[in-house]
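Please look over the sequence and the structure before going on to the points below.

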Amino acid sequence: MNLFYRILLTAFTVCILNLNAQAATVHLTSAMQGNQNAIESENQIILTFGNDFIVIREDSAPILNGRVLASDIPLADLVVLRDRRPMDQRRGYRILYSRAGFRLALVTNPQELSNHPEIELFPITESRVILKTMAPQRVEPDPAVTALLAMLRTDTYTAYLTDLAPDTTTRYTCSPENQTARDKIRKHFTDLGLTPQFMDFKAFCGADCDRLPGYNVIGIKPGTTRPQEYVMIGAHYDSTSPVACSLAPGANDNGSGAAALMEIARVFSGVNTERSVAFVAFSGEEEGMLGSKHLAKVLKDMGVLEVIKGFVILDMISYYRNIYGIIAEGSDHTAEQAAVLDEMAQLCTTYTPLKMEITTSYGGSDHAPFLNYRLPGCLLIENEWADYPYYHTIYDLISYQDIAYSLDVVRLATAFMATQGGLLP
Ligand SMILES: [Zn+2]
């Protein structure tokens with residue numbers, strides 16, 4: 001977005017529509033079209049999705065180069081949401097516009113949406129930037145980072161994914177098969193010399209399942225000069241589906257992230273960093289981020305939250321259809337949190353061909369508990385996660401994953417860990 005738009009959009013953030021207005025018209029226009037007319041009126045709300053602007057006005061006058069998405073609708077029925085139900089269960093609204101998992105929608109059945117744990121609603125009360133497209137200038141790559149990225153391998157990544165996510169398995173939090181996956185990750189960390197530890201927590205699984213506790217698996221690679229400071233990379237290894245107790249292969253969600261964690265641990269086990277690096281395989285994510293909430297609370301209760309100087313969470317990083325891109329989802333509550341998103345965008349441009357979008361509307365994965373405690377970090381998630389047809393179904397299989405795409409996301413996460421960890425040549 002150019003400076004002109006940035007200034008105007010900021011200026012209009014203070015303009016708030018009358019929410020009791022009878023009717024609203026919703027327009028779509030694009031920054032690419034240099035559309036001044038779209039932003040000249042005062043009585044409007046502008047929602048920014050990358051280069052797209054959604055302009056919501058009380059009057060129905062057309063805007064230059066704009067397209068009407070809906071006219072004469074009650075503004076109170078308009079919502080921005082993310083829906084984490086399996087695709088065939090997503091209802092209760094009509095989609096007007098969607099991008100990177102965010103949907104601008106008209107509510108058709110309020111009952112269906114209210115207080116649903118798998119639906120996040122973002123209020124439309126004022127102009128706001130929901131997604132920002134990031135394309136900073138490429139900088140000269142760090143040779144040590146480039147060398148580390150060259151150690152990442154498709155075959156080992158694929159082997160970890162295949163081992164964790166066979167088509168016929170589940171890794172549902174309270175199942176015995178979840179503990180099989182847990183033990184595989186622990187053995188991997190042990191083999192790499194990462195002194196693994198289990199951290200168990202109480203899980204709340206369905207009555208038709210075993211009621212085993214959940215376990216996070218933690219591996220540590222101590223830092224050389226600043227071992228008391230940590231950078232953390234995390235990914236949940238549990239999975240879900242409508243029949244999660246018996247079958248939930250979860251190749252994309254989140255075998256892809258867990259395999260990435262294992263691959264990144266493999267390359268870091270052979271290098272030195274100034275800071276300590278913590279590798280965390282979370283469980284219980286699908287039950288409400290139980291494992292990550294537990295770890296965040298334990299660290300807080302111990303008074304050592306601040307030892308985490310940066311973190312990245314990987315969740316769903318292997319599906320790509322039309323947009324070769326990645327979403328970095330974080331917070332701007334602190335300057336350090338905002339800086340992480342800028343840094344991630346810079347690394348993305350420098351070391352990968354991925355197109356990055358950032359958002360500070362966060363939730364729904366293991367980054368949330370740490371961001372809530374104001375730690376600097378973010379989630380990386382595939383741009384098209386909401387369009388993945390097998391999301392949270394028994395068909396989330398390895399054969400639908402794009403391993404080459406996944407490796408680019410792994411490169412980004414590795415570059416982040418190397419930079420934050422202080423990779424030594
Ligand atoms: Zn997930």
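How far apart do the C-alpha centres of domain 1 and domain 2 lie? The distance between the C-alpha centres of domain 1 and domain 2 is 32 Å. This is a predicted model, in which local features need pLDDT of at least 70 and side-chain atom pairs count only at pLDDT 80 or more, while totals for chains, interfaces and linings use all residues. Residues are numbered from 1 along each chain as its sequence is written.

**Domains**

- The protein is divided into domain 1 (3-130) and domain 2 (143-421), with bounds that come from an automatic or database domain assignment.
- Domain 1 gives 10 residues to the contact and domain 2 gives 14 residues; two residues are in contact if their C-beta atoms, placed from the backbone, lie within 7 Å.
- On the side of domain 1 that touches domain 2, 5 residues are nonpolar, 2 are polar and 3 are charged.
- In this division, Ala, Val, Leu, Ile, Met, Phe, Trp, Tyr, Cys and Pro count as nonpolar, Asp, Glu, Lys and Arg as charged, and the others, Gly among them, as polar.

- Helices (H or I, at least four residues) and strands (E, at least two) are DSSP runs, numbered from the N terminus.
- Strand 1 (residues 24-30) is largely enclosed by the rest of the structure, because 5 of its 7 residues are buried.
- A residue is buried if 20 or more other C-beta atoms lie within 10 Å of its own, exposed if 12 or fewer, and partly exposed in between, with C-beta atoms placed from the backbone.
- Strand 1 runs antiparallel to strand 4 (residues 67-73), and 4 bridges join them; two strands pair if DSSP finds at least two bridges between them.
- His27 has Val68 in strand 4 as its bridge partner.
- Strand 1 is also joined to strand 3 (residues 52-57), by 6 bridges, and these two run antiparallel.
- Opposite Val26 stands Ile56 in strand 3.

- Strand 5 (residues 78-83) and strand 7 (residues 102-107) run antiparallel and are joined by 4 bridges.
- Val80 stands opposite Leu104 in strand 7.

**Helix 4**

- Tyr157, Tyr160, Leu161 and Leu164 are the buried residues of helix 4 (residues 154-164).
- These residues are on the same side of helix 4, because they cover an arc of only 95° around the axis; the arc is that of the directions from the helix axis to the C-beta atoms.
- The buried residues of helix 4 pack against helix 5 (176-191), helix 6 (251-268) and helix 10 (403-421).

**Two partly exposed residues**

- Arg321 lies in the loop between strand 14 (308-314) and strand 15 (325-329), and it counts as partly exposed because it has 13 C-beta neighbours inside 10 Å.
- Not counting residues up to four places away in sequence, Arg321 touches Glu384 and Asp387.
- Arg321 and Glu382 are 61 residues apart in sequence, and their C-alpha atoms are 10 Å apart in space.
- Thr349 is part of helix 8 (residues 335-351), and its 18 C-beta neighbours inside 10 Å make it count as partly exposed.
- Thr349 touches Ala135, Pro136 and Arg138, not counting residues up to four places away in sequence.

**Backbone features**

- Most residues other than glycine have a negative phi, and most peptide bonds are trans.
- A cis peptide bond, with omega about 0°, joins Asp253 and Asn254; Asn254 is in helix 6.
- Asp72, in strand 4, has a positive phi near 60° and counts as exposed, with 9 C-beta neighbours inside 10 Å.
- Met316, in the loop between strand 14 and strand 15, has a positive phi near 70°.
- Met316 counts as buried because it has 28 C-beta neighbours inside 10 Å.
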